[in-house]
Amino acid sequence: MNSLDRTKAPQVYPITLPEIGYFERETLASGAKLYTLRGGSQPITQIIFSFDAGRRCQDAQTLANTTLNMMFEGTTTRTTAQISTEVEYYGADLNVDSNMDNARISLSAPTKFISQALEVVVDCLLHPTFPQKELTRSKDVRSEQLKYNLMRSEYVVGDVMKSLVWPEGCDYRIPLTHKAIHALKREQLIEFHKNFFTPEGLSIFVAGQPDEAVLDMLRNIYTQPTHNERPAYIPPKRNAPDGKVHTKKLPQSTQCTILMKAEGVTAKHPDYTDLSILIALFGGYFGSRLMKNIREDKGLTYGISASLIYDSKTASINVQSSVDSERYKLVIDEIKKEMQRLIDEPVSTEELEQVKSYCRGSVASVYSDIFNTARNLGGFIIDDLSEDFVKVQWNSVDNITPARLQQLATQYLRPELFHIAVAGNV
Amino acid sequence: MIDFQRKKLSNGLTVIVHEDHSTPLCAVNTLYKVGSRNEQPHLTGFAHLFEHLMFGGSVNVPDFDKILQATGGENNAYTTADYTNYYEVVPAQNVETAFYLESDRMLSLAFTPKSLEVQRKVVIEEFHQRYLNRPYGDIGHLMRDISYKVHPYRWPTIGLDVEHIAKATMDDVRQFFFDNYAPDNAYLAVAGNVDTEKIFALAEKWFGSIERHAVRREIAAEPEQTERREMRVEREVPSDYLAIIWHIGDRLSHDFYVGDIATDILAYGSSSRLMQRLCIDNNICSEVNATVGGNIDPGTLMLQAVPMPGHSLEEVEDLLYKQLQQLANGDISDYEFQKVKNNVYSRQLFDNVDVKNKAASLALYEMFGDAHMINTDPLRLQNVTIAEISDFVQRTCDPSKASVLYYKSKQ
């Protein structure tokens, strides 16, 4: 006991890529794909439907998301109360969300109840009625949420940024308004559902401990293929940054939120995995440059982060932080200095090894349980990547060098590439 | 069923191990029984500030995060009224590094002036970001202020005032550490792909020589509330907001379990009563909620609602009382009751998927008296009866003894 030397940390063993199971794959008669990953320590089954019905299919603001939500507010045989009561009776957790490309419905329940809960969800997928009363209420609630968001600097700064990035006349630059929320008509939802909640492009991911009965139900939701084309997704060319700081005053704020945005690359781009490592080193984890300098050294913020986000056609590098209103210019200067440092100076071996460990740990943690594993592998499939994409990520971490990081910083992190928006008490 | 082994070291540290070989990871959770409940009225927010300082270097480890990140692990911490919780999730082969790091900061912090200076600023920015710079951000302060008059639960963990954090001194820091960050005030739970005996040996190796020194101080009890309290404020927010609060028992009291089921009936999920009657059927509110606080000392039951435009706070308050009256009358169908019980069952399953959750729950339950509660708590909830709910609501939810916050929009 007395010989314990606390000045020496224990030996750190190499982090290895966990053994990862693969989905069992089936292509169904309807053309939909069914992916099953069995395992887990608890008697739970998770089902995720991913429809090709994201925002890129909509011709009115919020139409995709409102349609998705309203599908669970009434069917030809069930009221909204009956739907929620039945789903919750079976101890099920039902969540929906949508992004630019996809609409996702996630159902998790104890395996002994999953078939009954799924029956309700299938009814909602196939026979929604979009009751006018529920639509009116949904729009009222959404309008209340918008009022709240318009008082938050973290939300408003996003609206400012849209107007900087996207050109005049482009839908992407238009902020959500109360008028747009209330303009949606029930008929638009019916049409959107009919056109886009269809089996082409549908992927169903099952994880946990499903029984055969539930898999048979999933195989038979849609029996015939449909041939509904999606509108072409051709994003407009982005505006070039003008180097200025664009501000929006929110008098009631005590802070302001900074958002900087430059063009990134999607996961299919050859630079993606290496650039992800650079963004992690720059501002993606607690030991990153931005966190060390701006939070841990100078105490200028509670949090600051950089991220690389993408959909199927567009990608951005974002830097965001909320700071004291008197100090936002100082923080922007420091962020730019950190970008320039990555361009001018090679990363030290020590720092590189640290970020490699972080990246390996992040990848390993994704495979900590069956449900996280299925979500991650499913994400690869949705993004049209190999199910082995994790190995590409792992190899990238193994092989990245200071010179490569410097080259990527020069290409993607030059301060002049970033639009800058600030909202708050400026 | 979560199996675990438990051992108490001679210095008072309780160590709990749960083996889960379905994951490559391991979670190490160190819980100290110190929160804002242990603060003085002139130095509030201190337990939370201290949580930040715990990452500012310890006696042999100048940079906690750097060493942890080298293992491929992640870590974080959070502070509540009753406790402060630190965790690391690491690849299981590197679990000893978490023991090294946690034991060193339990042994002693480095107490550098720079760490205190920086973290004071960071916490003040957090105070702004999470409380002052957002609509409704002061609701937590007001609700505690109206419902507690004596007990430290009357302030939130972030503190009463930014100034309390700004004026914290190094002497305050040292005293707080010595009083609270000791093995006899801590619970260490490990869950993941580990061997129990090896974990016990690591605990003995790294924590066994740290001396016990926790100081326990009396905490003033909150007197029974015998009157109705009202607070009316106006703020620049988009909608009105209502909160109604009653005192209930502590986390181990039977009333906590009955209150937990009662509030599930009222507001758990879209099919719950308040959601159906106030939001969905009649579009009177945009949001409703009902919660019980399970605390070391007696906590609260709270109803919250955000009325839609055209509906007053008083109208919504009356509707909430009517809903409570139905519970008091025992007006609960078998189907509705079974629905709530089914959700207790499924939440237990969902909570037990993740090793981080399991380690945190084991440590927390042990703090409350017995880690076996991770398995027995759901059974206690399952055994609550409709008659008990009726009796509980009649005894507890008396409008003449409620604390009511009327939070009006200026718009």
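Tutor: Rings of Phe, Tyr and Trp pair if their centres lie within 6.5 Å. Keep that in mind for this predicted model, where B:Y32, B:F46, B:F50, B:F55, B:F64, B:Y86, B:F111, B:F176, B:F177 and B:Y181 form one aromatic cluster.

Student: How many aromatic pairs are there over all chains?

Tutor: By that rule, the count is 38.

Student: Okay, what makes A:F23 and A:F205 a tilted pair?

Tutor: Their ring centres are 5.5 Å apart, and the planes make an angle of 40 degrees. An angle under 30 would be stacked and one over 60 edge-to-face, so what falls in between is tilted.

Student: And what does the pair tie together?

Tutor: A:F23 lies in the segment before β1 of chain A and A:F205 in strand β6 of chain A, so the pair links parts 182 residues apart in sequence.

Student: Why is A:F23 called buried?

Tutor: Its relative accessible area is 6%, and buried means under 20%. A:F205, at 4%, counts as buried too.

Student: How do you know that A:F49 and A:F51 are stacked?

Tutor: Their centres are 6.4 Å apart and their planes at 15 degrees. That angle is under 30 degrees, so the pair is stacked. A:F49 is buried at 0%, and A:F51 is buried at 0% as well.

Student: Last one: why does the charged end of B:R251 count as sitting over the ring of B:F368?

Tutor: The distance to the ring centre is 5.7 Å, and the cut-off is within 6 Å, along with an angle within 35 degrees of the ring normal. B:R232 likewise sits over the ring of B:Y406, at 3.9 Å from its centre.

How values were computed:
Residues are numbered from 1 along each chain as its sequence is written. Chains are lettered from A and ligands numbered from 1 in the order in which they are written. This is a predicted model: local features need pLDDT of at least 70, side-chain atom pairs count only at pLDDT 80 or more; totals for chains, interfaces and linings use all residues. Side-chain values use heavy atoms; hydrogens and water are left out. Rings of Phe, Tyr and Trp (its six-membered ring) pair if their centres lie within 6.5 Å; planes under 30 degrees apart count as stacked, over 60 as edge-to-face and the rest as tilted. Helices (H or I, at least four residues) and strands (E, at least two) are DSSP runs, numbered from the N terminus. Buried means under 20% relative accessible area, exposed over 50%, partly exposed in between (1.4 Å probe, protein chains only).
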